[in-house]
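These are my notes from going through one protein model, element by element. I wrote down what I looked up and what came out.

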Amino acid sequence: MVPSPLLLTLPDELLLQVVSFLEPTSVIQLHHTCSRLRSLTRSNSTLWRSFCIDQAYIDSNPNNCPQWNRSEELDLVIDTWPHQEVDWYSEYQFRHAPLKMKWLSSPEEEVKGLTSISTRNTHKHLLISPLDDGAINIWSSTSTEPLSRSRPGILTTPPPPASRKSRIIELGDTIVASSQLDRVYVAVDSTLIELSLTTLQTISSTKFPFSISTLSSQVVLPHPLTVGTTLTLHLYDPRVGMSSGTPSAALPPLPFPENYGHHAPLFQPSPLAILHHPNNHLYVAGRFPSILCYDRAMWPKLQSTIHSGGNLCTLAADGVDGLLAGGTYNGRGSLESYYLSSTAKVRQRNRQSVAWGKILSVAKQGTRVVSCDSEGTISWFERDCRYVVRREDIFDPDARANTGILWDGRPYDGSGPVRKVVVMNGGGDGLGVWLGDRVGVLSPGLEDEEEELVMEDATGAS
């Protein structure tokens with residue numbers, strides 16, 4: 001279909017007015033006709049925001065049943081939607097378009113963690129994971145072949161006396177990377193290993209007094225990396241070399257950091273999530289009933305606590321005044337939202353309909369809150385953490401069934417716990433997903449087909 005030359009003579013304002021009367025699927029087909037219409041409609045936030053609103057009201061009462069009409073509840077949700085700060089085209093795709101999973105790691109590789117970075121020059125997101133053989137893999141969301149891979153055993157450390165072998169902790173965030181510093185940090189038992197992001201060679205190894213249970217979710221200067229051990233919290237400034245060493249297969253344990261005495265003690269063990277919030281505070285959650293709040297200017301003094309009552313294992317920022325948390329409460333999933341002011345207030349605690357299993361990861365994607373759980377489901381909620389946008393069950397078709405007496409005769413569908421989700425490029429590049437022992441990217445299923453058609457049209461026009 002070729003657009004009429006007369007239609008293309010109209011100014012952009014009139015073209016958008018005409019397009020607004022079309023269905024979203026027709027607008028996507030219109031993208032295949034010419035580059036001007038695609039660019040005009042693709043980048044217009046008002047157009048796709050209106051499509052999201054119309055479709056949300058349709059989904060709120062699909063069977064026209066008065067008992068299930070949620071339009072009044074939806075009115076309050078839509079009032080909180082921003083206008084220009086969100087890519088509403090990507091928002092519509094993740095709300096209503098079919099989603100597909102593209103696996104990056106092979107079934108033979110056992111992934112032990114997941115983090116992401118945005119490259120400084122191209123602003124594309126890369127996924128980084130440690131593997132069971134002690135190597136580091138870096139993937140791009142557009143290719144199934146790794147961009148870079150270190151040699152095996154680079155994360156191997158001498159085993160502690162009470163353990164048979166060194167292992168990468170899988171309870172909290174075990175790996176964090178920074179494109180600003182060109183560094184990757186990986187926690188292995190009680191050792192923090194620092195590697196170059198460019199060469200994937202070991203730079204230093206720092207020993208801590210107890211096993212490391214989690215690292216802060218990101219390193220953004222001037223905020224230091226925070227290391228959470230079983231009973232302590234440490235501020236590790238990556239700009240200052242704590243120790244130096246040469247690359248080797250097994251680095252010897254080095255002395256404790258010089259600022260070890262300037263640490264924050266924990267009266268209950270095992271922090272599982274550490275967040276450097278945009279409001280310049282540090283929040284810590286774990287196997288204790290409250291979220292701990294620290295002011296770095298007053299470190300290591302505990303400033304305040306936010307009572308939850310649940311067992312939390314993930315934290316995320318919701319703007320400069322919001323905090324998201326996930327975990328379990330009385331055996332079921334718990335998704336919590338807090339308003340941070342002079343005194344923290346509870347926005348919402350969804351402990352009924354969020355998930356049957358434990359919430360393992362939570363993040364902010366556009367206007368939505370995305371979470372994943374131990375049952376293998378990724379769920380999207382409105383900002384109130386109660387209104388469900390959609391759910392997606394994730395399966396690994398290449399997963400190997402468990403063998404043994406306890407598993408014989410049981411069907412296996414490739415499902416498993418979704419341990420972490422990572423938002424890439426504000427959600428426009430999809431979601432990085434860590435399922436079981438594999439890493440992949442969840443993205444709208446029509447995106448690749450649309451790009452291929454656009455390329456075909458451009459080739460045919462030339």
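I began with helix H2, residues 12-19, and found Leu15, Leu16 and Val19 buried. These residues lie on the same side of H2, because they span an arc of only 95° around the axis. I note here that the model is predicted.

Next I looked at a sheet. It is open and has four strands, in the order S2-S3-S4-S5, with antiparallel pairing. The edge strands are S2 (115-118) and S5 (148-149), each of which pairs on one side only. I then checked how S5 is held to strand S4, residues 136-140: the two pair in the antiparallel sense over two bridges. For Asn137, the bridge partner in S5 is Arg149.

I turned to His234, which sits in strand S12, residues 232-236. Is His234 buried or exposed? Its relative accessibility is 2%, and buried means under 20%, so His234 counts as buried. I also looked for a partner of the His234 side chain and found a polar contact with the side chain of Thr232, at 2.8 Å.

My last entry is on strand S22, residues 359-365. Five of its seven residues are buried, so S22 is largely enclosed by the rest of the structure. S22 pairs with strand S23, residues 368-373, in the antiparallel sense over six bridges. I traced Ile359 to its bridge partner in S23, which is Asp373. S22 and S23 form a hairpin, and two residues lie between them. In the turn, I noted that Gly366 has a positive phi of about 65°.

Terms used:
Residues numbered from 1 in each chain as written. Predicted model: local features only at pLDDT ≥ 70, side-chain atom pairs only at ≥ 80, totals over all residues. Heavy atoms only, no water. Buried < 20%, exposed > 50% of the residue type's maximum accessible area, 1.4 Å probe, protein only. Arc of directions from axis to C-beta. Polar contact = N/O pair within 3.5 Å; in protein donor to acceptor, adjacent residues only side chain to side chain. Pairing = 2+ DSSP bridges.
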